[in-house]
Amino acid sequence: MNVKYFADTDTLYIELYPAEVDETRDLDEDTLLEMDAAGRLCALTIEHASARMDIPAFSYEQIPAGPATT
């Protein structure tokens, strides 16, 4: 996953995995969903990001996988 914030345009781009974008769908006026050829969500674009979320307080935490259950 790759997260980029473009301060000059106040845009947050979240790439879930690298893929060629086949289709872009509008979720709302300021949110775009980018889909690969199989229809899977591969990225999100959020316009006016600082007004919609607290960008300076962004944090990331990786949670290790727990033991497998059967």
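Q: How many of the 7 residues of β5 are buried?
A: Strand β5 is mostly covered, since 5 of its 7 residues are buried. Buried means under 20% relative accessible area, exposed means over 50%, and partly exposed lies in between (1.4 Å probe, protein chains only). Helices (H or I, at least four residues) and strands (E, at least two) are DSSP runs, numbered from the N terminus.

Q: What kind of model is this?
A: This is a predicted model, in which local features need pLDDT of at least 70 and side-chain atom pairs count only at pLDDT 80 or more, while totals for chains, interfaces and linings use all residues. Residues are numbered from 1 along each chain as its sequence is written, and side-chain values use heavy atoms, with hydrogens and water left out.

Q: Which strands pair with β5?
A: Strand β2 pairs with β5 in the antiparallel sense over 5 bridges. Strand β4 is also joined to β5 by 5 bridges, and these two run antiparallel. Two strands pair if DSSP finds at least two bridges between them.

Q: Which residue in β5 is the bridge partner of Thr 11, and which is that of Thr 31?
A: The bridge partner of Thr 11 in β5 is Glu 47. For Thr 31, the partner in β5 is Ile 46.

Q: Where does Thr 31 lie, and is Thr 31 buried or exposed?
A: Thr 31 belongs to strand β4, which covers residues 31-35. Its relative accessibility is 6%, so Thr 31 counts as buried.

Q: What is Thr 31 in contact with?
A: Apart from neighbours within four places in sequence, Thr 31 is in contact with Arg 25, Asp 26, Thr 45, Ile 46 and Arg 52 (contact means heavy atoms within 4.5 Å). With Arg 52 there is a side-chain polar contact of 2.9 Å. A polar contact is a pair of N or O atoms within 3.5 Å; within protein, one must be able to donate a hydrogen and the other to accept it, and residues adjacent in sequence count only if both atoms are side-chain atoms.

Q: Now the backbone: which phi values are positive?
A: Among them is Gly 39, with a positive phi near 85° in the hairpin of β4 and β5, which has 5 residues between the strands. Asp 10 has a positive phi near 55° although this residue is not glycine, and phi of His 48 is also positive and near 55° in a residue other than glycine.

Q: Where are Asp 10 and His 48 placed?
A: Asp 10 lies in the loop between β1 (2-6) and β2, and Asp 10 is buried at 16% relative accessible area. His 48 is in the loop between β5 (41-47) and α1 (49-52), and His 48 is partly exposed at 44%.

Q: Which residues form the nonpolar patch on the surface?
A: Met 1, Val 3, Leu 16 and Leu 41 form this patch, with about 330 Å² of accessible area together. Leu 16 lies in the loop between β2 (11-15) and β3 (23-28), and its relative accessible area of 32% makes Leu 16 partly exposed.

Q: What about the chain overall: how many helices and strands are there?
A: The chain has 1 helix and 5 strands, in the order β-β-β-β-β-α along the sequence. Of its 70 residues, 24% are buried.

Note on methods:
Patch = residues over 30% accessible without salt bridge, like charges linked within 9 Å, V, L, I, M, F, W, Y side chains within 5 Å. Areas by Shrake-Rupley, 256 points an atom, 1.4 Å probe, with all protein chains shown as cover. Salt bridge = Lys/Arg side-chain N within 4 Å of Asp/Glu carboxyl O.
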